[in-house]
Amino acid sequence: MINILFSGNEKVFDGILTCMLSIFKRSTTKEPFRFFVYTMDVSRIKPEYTPISDSQITFLNEVAQKYNQENVVIKVDVTELYEREFGHCPNESAYCSPYTLLRLFADMVEGMPEKLLYLDVDILFNRDITLLYNIDVTDYEYAAARDHYGKYLLNPNYINAGVLLLNMKKIRETGLLKKSRKLIKEKKLVFADQSAVYRSTTRKKMLPQRFNDQKFLHKHTVVRHFSKRLFYLPYPHTDNIKQWRVSDIHRIFRYYVFDDILYEYLYLKKKYECESEGDYE
């Protein structure tokens, strides 16, 4: 079983769907996938901060099982856990949503596997997921690649937490996530959970950039992470182009290698919307 963790509210549906499709279409493994989705209701912060819906999870599960009947998508509501641990903490209004903090509960949620791949939802796999998942992390808390900008601005080994291959046994031994939660509760951090994990690390395995490429796409790229990046033309500016913005993926990045994934995503997204409205035939 390959175990994957996502987190977010109902707006991560497009990201999870596209990421799942990229895994299915780029991987040859016969091993089934188990997708966990941590979610919560913190609409007290913003009205749109509501959990991913049961209907979205049901649809994602149906898509997953069309590729393998043993695949499963599991919703895990951690609202109570979040409010107890992080409610009104200094990082609740960080640069990103509070949903990024949910990965820090992986050692507190019952039934989580010993090996777990956390993924941000703005990710597409360009090559087989087993190239990443089968990396040996027995002696490490986790494996991660460097952050594209952080490795220049902060530290040469500053990691990007959008792709974390977690060794939960080692993490429980060292208290990595427990230490990270303590930092989140006590100190305002520029990059919130990412900085908390980095500062709390005892031993990590550094991965080549191809396992979390936040700027370029090469033939050897395993994971293309569509995070916010700097563009120099037509003038210096940042943009946050996600993979579900299909026209921009073509127009700005000129990527066409993901078209089989993205066109199926567009079909399935429309199918879900029609079914939700009750008029799909």
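This section describes helix packing, aromatic pairs and charge-over-ring contacts in a predicted model.

Helices H1 (residues 13-26) and H2 (residues 54-67) pack with their axes 11 Å apart, at an angle of about 10°. Angles under 35 degrees count as roughly parallel, and H1 and H2 are therefore roughly parallel to each other. H1 contributes Phe13, Ile16, Leu17, Met20, Leu21, Phe24 and Lys25 to the contact. From H2 come Gln56, Phe59, Leu60, Val63, Ala64 and Tyr67. By class, the contact of H1 with H2 has 11 nonpolar residues, 1 polar and 1 charged.

Aromatic pairs number 17 in the structure. In one of them, the ring centres of phenylalanine 24 and tyrosine 67 lie 4.7 Å apart, with the planes at 25°, so the pair is stacked. Phenylalanine 24 belongs to helix H1 and tyrosine 67 to helix H2, so the pair ties together parts 43 residues apart in sequence. Phenylalanine 24 is buried, at a relative accessible area of 10%. Tyrosine 67 counts as partly exposed, with 35% relative accessibility.

Lysine 115 is placed over the face of tyrosine 133, 5.1 Å from the ring centre. Arginine 224 lies over the face of phenylalanine 226, at 4.6 Å from the ring centre.

Helix H8 (residues 192-200) is mostly covered, with 7 of its 9 residues buried. These are Ala192, Asp193, Gln194, Ser195, Ala196, Val197 and Ser200.

Note on methods:
Residues are numbered from 1 along each chain as its sequence is written. This is a predicted model: local features need pLDDT of at least 70, side-chain atom pairs count only at pLDDT 80 or more; totals for chains, interfaces and linings use all residues. Side-chain values use heavy atoms; hydrogens and water are left out. Axes are lines fitted to C-alpha atoms, for helices over the stretch in contact, and angles run from 0 to 180 degrees between N-to-C directions. Helices (H or I, at least four residues) and strands (E, at least two) are DSSP runs, numbered from the N terminus. Angles under 35 degrees count as roughly parallel, over 145 as roughly antiparallel, 65 to 115 as roughly perpendicular and the rest as oblique. Contact means heavy atoms within 4.5 Å. Ala, Val, Leu, Ile, Met, Phe, Trp, Tyr, Cys and Pro count as nonpolar, Asp, Glu, Lys and Arg as charged, and the others, Gly among them, as polar. Buried means under 20% relative accessible area, exposed over 50%, partly exposed in between (1.4 Å probe, protein chains only). Rings of Phe, Tyr and Trp (its six-membered ring) pair if their centres lie within 6.5 Å; planes under 30 degrees apart count as stacked, over 60 as edge-to-face and the rest as tilted. A charge sits over a ring if NZ of Lys or CZ of Arg is within 6 Å of the ring centre and within 35 degrees of the ring normal.
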